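Here are my notes on the model, as numbered points. Please read them with the structure open.

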Amino acid sequence: MESMLAHATDLAIALAMIAGSLLMLVAGIGLVRLPDVYCRMHAAGKACTLGVWLLILAPALHFATTEPFLTVRALAAIVFQALTTPGATYLLAHACYVRGYPVHSGTELDELKDTFPSYPQDRFGQE
Amino acid sequence: MSALVAHTADVCMVVLFLSAALCLYRLVIGPGAADRAVAADALITIVVGMICVLSVRWNSGLYFDAVWILTLIGFLGSAAIARYLAQGRIF
């Protein structure tokens, strides 16, 4: 019974590592292949976040019996990643739009087009 | 640690190196500063994943604090670059 649980844990660790690294590979391919900076942010922001959750889950499962405190730290690291990565991506996307980074010509919906027409010049004139 | 986990960790390190190389390519050729910031953020996240895989492979939790530190540095770096791009100053 004990060894069956160990085998199941090993299988879960292996699956988490494989899925996480493949998601990281998807993020890398998207970062190279996608046309403009917003699309690249989409690839890096989402695939990298889910991939790193799964990759942190692997040591959390692996050290669950031997070092329980490390498991707690790993789960807290997952929460911390979930809080910070989307925030950083949002800040960067907002900064790109404000600075007028070009939007790909295939973009169908640009809801901020009327909101920020002359925002960067105003902003930079003040500083 | 079973042989299954050890071999999977080796293969995963190769895949992670491949994605890190793709991120480095975008970091070098990226047309604007924001492309490079996005690529650097993704690269830091990939390094965090590498640390996790290696801590399983070496069966040691010694390097796990680096996960926290790199996450914090990645967020602060991206936020600082975004603020600099949007407002022309950081503080």
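1. Leaving aside neighbours within four places in sequence, which residues is Ile56(A) in contact with? They are Ala74(A), Ala77(A), Ile78(A), Cys52(B) and Val67(B). Contact here means that the C-beta atoms of two residues, placed from the backbone, lie within 7 Å.

2. A word on the basis. This is a predicted model, in which local features need pLDDT of at least 70 and side-chain atom pairs count only at pLDDT 80 or more, while totals for chains, interfaces and linings use all residues. Residues are numbered from 1 along each chain as its sequence is written, and chains are lettered from A and ligands numbered from 1 in the order in which they are written.

3. Chain A has four helices and zero strands. Its pattern along the sequence is α-α-α-α. Elements are DSSP runs numbered from the N terminus: helices are H or I with at least four residues, strands are E with at least two. Of the 127 residues in chain A, 35% are buried. Buried means that 20 or more other C-beta atoms lie within 10 Å of the residue's own; 12 or fewer is exposed, in between is partly exposed, and C-beta atoms are placed from the backbone. Among chain A contacts between residues at least 6 apart in sequence, 58% join residues at least 24 apart.

4. Helix α2(A) covers residues 37-62, 26 residues in total. Its end C-alpha atoms are 37 Å apart, in agreement with the 38 Å it should span at 1.5 Å a residue. The expected span is 1.5 Å times one less than the number of residues. In α2(A), 20 of the 26 residues are buried, so the helix is largely enclosed by the rest of the structure.

5. The largest nonpolar core has 58 residues, and Ile56(A) and Ala42(B) have the most contacts inside it. Such a core is a set of buried Ala, Val, Leu, Ile, Met, Phe, Trp, Tyr and Cys residues joined through C-beta atoms within 7 Å. Two or more residues come from each of α1 (2-33), α2 and α3 (68-98) of chain A and α1, α2 and α3 of chain B. The largest share, 15 residues, is from α2(A).

6. The contact between the chains takes 47 residues from chain A and 44 from chain B. On the chain B side, α1 (3-29), α2 and α3 (65-87) each supply at least two residues. Here α2(B) gives the largest share, 15 residues.

7. Helix α2(B), residues 33-57, has 25 residues and reaches 36 Å from first C-alpha to last, close to the 36 Å expected. It is mostly covered, with 18 of the 25 residues buried.

8. How do α2(B) and α3(B) pack, and at what angle do their axes cross? The axes come within 9 Å and cross at roughly 175 degrees. Axes are lines fitted to C-alpha atoms, for helices over the stretch in contact, with angles from 0 to 180 degrees between N-to-C directions. The two helices are therefore roughly antiparallel, the term for angles over 145 degrees. Among the contributors are Ala37(B) and Ile44(B) of α2(B), and Leu70(B) and Gly74(B) of α3(B).

9. Check Asn59(B), in the loop between α2 and α3 of chain B. Its phi is positive, about 55 degrees, although the residue is not a glycine. Asn59(B) counts as partly exposed because it has 13 C-beta neighbours inside 10 Å.

Key. Parallel < 35°, antiparallel > 145°, perpendicular 65-115°, else oblique.
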